[in-house]
Amino acid sequence: MKKLLIVLVRWYQRRISPLSPPSCRFRPTCSNYMIEAIEKHGFKGILMGIARIFRCHPFSATGDDPVPDHFSLRRNWNHHKS
């Protein structure tokens, strides 16, 4: 199931995403975040990816937002802390 979901996101990256200008406010991009979240958290990764897409709007802060090691629907603000 994970592989199928990742294939769908990669299809989006190749076929749909190039039709619009780059506009993601975060690193990694929302589609790469979704793939990494699915790889790390399975089905819950889909929810994390959807939450990330909802956070990607003109009024949000920009910058790094890596996939957290533990399931969370919030932004990973603590990724710089050691």
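Predicted model: local features only at pLDDT ≥ 70, side-chain atom pairs only at ≥ 80, totals over all residues.
Local features require pLDDT of at least 70 and side-chain atom pairs count only at pLDDT 80 or more, whereas totals for chains, interfaces and linings use all residues. Residues are numbered from 1 along each chain as its sequence is written, and side-chain values use heavy atoms, with hydrogens and water left out.

**Salt bridges**

Side chains of opposite charge can pair when their charged atoms come close. With a salt bridge taken as a side-chain nitrogen of Lys or Arg within 4 Å of a carboxyl oxygen of Asp or Glu, the count is five.

| Asp64 | Arg27 | 2.9 Å |

The salt bridge between Asp64 and Arg27 ties together parts that are 37 residues apart in sequence, because Asp64 lies in strand β2 (residues 63-64) and Arg27 in strand β1. Helices (H or I, at least four residues) and strands (E, at least two) are DSSP runs, numbered from the N terminus.

Salt bridges that share partners join Glu36, Lys40 and Asp69 into one network. Within helix α2, Glu36 and Lys40 are four residues apart, so about one helical turn separates them. Glu36 is partly exposed at 29%, and Lys40 is partly exposed at 38%.

His41 lies in helix α2 (residues 30-41) and is buried, with a relative accessible area of 16%. Contact means heavy atoms within 4.5 Å. Residues up to four places away in sequence aside, His41 touches Met48, Val67, Pro68, Asp69, His70 and Phe71.

Ser60 is in the loop between α3 and β2 and is buried, with a relative accessible area of 16%. Its contacts, leaving aside neighbours within four places in sequence, are Arg25, Phe26 and Arg55. Ser60 and Phe26 are 34 residues apart in sequence, and their C-alpha atoms are 9.8 Å apart in space.

**Rings and the cis peptide**

The charged end of Lys44 sits over the ring of Phe71, 5.2 Å from its centre. The criterion places NZ of Lys or CZ of Arg within 6 Å of the ring centre and within 35 degrees of the ring normal. Arg27 is joined to Pro28 by a cis peptide bond, with omega about 0°. Pro28 lies in the loop between β1 and α2.

**Nonpolar surface patch**

Trp11, Tyr12, Ile16 and Leu19 make a nonpolar surface patch of about 450 Å². Patches are made of residues with over 30% relative accessible area and no salt bridge, where like charges are joined within 9 Å and nonpolar side chains (Val, Leu, Ile, Met, Phe, Trp, Tyr) within 5 Å. Leu19 is found in the loop between α1 (2-15) and β1 (26-27). Leu19 is exposed, with a relative accessible area of 71%.

Notes. Areas by Shrake-Rupley, 256 points an atom, 1.4 Å probe, with all protein chains shown as cover. Buried < 20%, exposed > 50% of the residue type's maximum accessible area, 1.4 Å probe, protein only.
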